[in-house]
Amino acid sequence: MTTSLAARRRRAALVRFWQHYRSHRAGLYGLLGLAAIALVALAAPLLVGADADSVTRAPGTALEPPSARFPLGTDQFGRSLLALLVWGARVSLLVGLLAAALSVAIGTLVGILAGHYGGWFATVVMRITDWFLVMPTLVLAIVLATVMSRSMWTVVLAIGVTSWPTTARLVRAQTIAVESRPYIERARALGGGDAHVMTRHVLPNVLPLVLAQTTLGISTAILTEATLAFLGLGDPTVVSWGGMLQDAREAGAVSSGHWWYLAPPGIAIALVALAFTLCGRAVESVLNPKLGVAR
């Protein structure tokens with residue numbers, strides 16, 4: 001009976017969340033855009049073929065301008081840029097999602113522990129957090145990506161372990177606020193230990209903040225991945241939007257005026273980052289109406 005009641009409450013909460021979310025036009029546009037991009041990325045093998053990134057089986061000649069056969073032109077190897085753009089969506093979205101999830105997971109764990117235990121432990125943890133905050137995230141990510149092997153997982157790790165401090169500070173503040181409420185004292189009086197308080201009372205109350213921070217963090221992670229790939233620190237064996245920009249730079253697209261090589265991946269990165277930002281702002285507004293985010 002208790003389980004069914006809890007399930008009904010969760011469903012009702014999800015319905016209320018969606019009703020409020022869809023009233024934010026910008027957030028709805030961002031969600032529709034992300035759904036379309038994700039669908040294209042998942043269907044990439046069916047849309048452009050599994051060998052679209054093959055250099056030896058390139059269908060065109062080097063640096064062809066846009067045409068009926070190649071709507072976005074070709075790269076320096078004769079590969080279709082439209083096909084590469086579709087394939088690159090898979091890697092860029094995956095890296096952004098995984099890196100943001102890792103960053104938020106680390107920040108949530110650090111924030112809850114620091115807010116719960118306090119004292120000297122919180123002081124030490126937050127001074128480490130402050131050190132990460134003042135250090136440029138991109139510089140730290142470049143250092144990690146340089147000293148480790150070049151792979152997609154290295155990029156995910158480099159972004160995740162350098163971008164968690166903001167989440168940690170937000171979650172710590174929310175944890176302190178939650179633990180000052182009367183029901184936390186009642187839970188302790190009934191014998192609830194530290195693990196019980198953090199997992200059953202604090203974590204559910206900070207999850208809305210974590211969700212909003214995740215949606216906002218994905219766009220930052222995608223931009224950071226593109227920057228690392230553009231600097232030649234990405235995985236050379238996979239196609240990503242940042243890697244396409246780096247290939248265009250190496251091919252001299254800027255000086256040669258081959259705009260069709262530069263524009264598509266750059267526009268794609270900007271659109272996806274904008275879509276995730278719109279979704280994150282809408283989620284923030286729904287979970288915390290005091291923010292007053294415009295609809």
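**Entry 1: the whole chain**

I reminded myself before anything else that this is a predicted model. For the extent, I noted that the C-alpha trace spans about 75 × 45 × 35 Å along its principal axes.

**Entry 2: α10 against α13**

I turned to helix α10, residues 194-230, and helix α13, residues 259-287. At what angle do they pack, and how far apart are their axes? I got an angle of about 170°, with the axes 8 Å apart. Because of that angle, α10 is roughly antiparallel to α13. The crossing of α10 past α13 is left-handed.

Next I listed who touches whom. On the α10 side I have Pro-208, Leu-211, Ala-212, Thr-215, Leu-216, Ile-218, Ser-219, Ile-222, Leu-223 and Ala-226. Their partners in α13 are Ile-269, Val-272, Ala-273, Phe-276, Thr-277, Gly-280, Arg-281, Val-283, Glu-284 and Leu-287. Sorted by class, this contact of α10 with α13 holds 14 nonpolar, four polar and two charged residues.

**Entry 3: α9 against α10**

I stayed with α10 and checked helix α9, residues 182-189. This pair packs at about 155°, and the axes lie 10 Å apart. That angle is why I put α9 down as roughly antiparallel to α10. Here the crossing of α9 past α10 is right-handed.

Which residues meet at this contact? From α9 I noted Tyr-183, Ile-184, Ala-187 and Arg-188, and from α10 Asp-194, Val-197, His-201 and Asn-205. By class, the contact of α9 with α10 comes to four nonpolar, two polar and two charged residues.

**Entry 4: the largest pocket**

The largest pocket has a volume of about 840 Å³. I counted 21 lining residues, and those nearest the centre are Phe-17, Pro-204, Pro-208, Leu-209 and Leu-287. Two of these names were already in my list for α10 and α13: Pro-208 and Leu-287.

Which helices supply at least two residues each to this lining? I wrote down α1 (2-21), α8 (165-179), α10 and α13. Helix α10 gives the most, with seven residues. The lining divides into 12 nonpolar, five polar and four charged residues.

**Entry 5: the second largest pocket**

The second largest pocket holds about 390 Å³ of space. It is lined by 26 residues, and Asp-235, Pro-236, Val-238, Gly-243 and Asp-247 are the closest to its centre. At least two residues each come from α4 (81-117), α7 (152-160), α10 and α11 (241-250). Which helix gives the most here? I found that α11 does, with four residues. I sorted this lining into 13 nonpolar, six polar and seven charged residues.

**Entry 6: one backbone check**

I ended with the backbone. Where is Leu-63 found? Leu-63 is in the loop between α3 (44-48) and α4. I flagged its phi, near 55°, as a positive value in a residue other than glycine.

How values were computed. Residues numbered from 1 in each chain as written. Predicted model: local features only at pLDDT ≥ 70, side-chain atom pairs only at ≥ 80, totals over all residues. Heavy atoms only, no water. Axes fitted to C-alpha atoms, helices over the stretch in contact; angles between N-to-C directions. Parallel < 35°, antiparallel > 145°, perpendicular 65-115°, else oblique. Left-handed = near helix turned anticlockwise from the far one by under 90°. Contact = heavy atoms within 4.5 Å. Nonpolar A, V, L, I, M, F, W, Y, C, P; charged D, E, K, R; others polar. 1 Å grid on protein atoms, 1.4 Å probe; cavity = no way out; pocket = protein on both sides within 12 Å on 5 of 7 lines; lining within 4 Å. Points joined across faces, edges and corners; volume = space filled by probe spheres on them.
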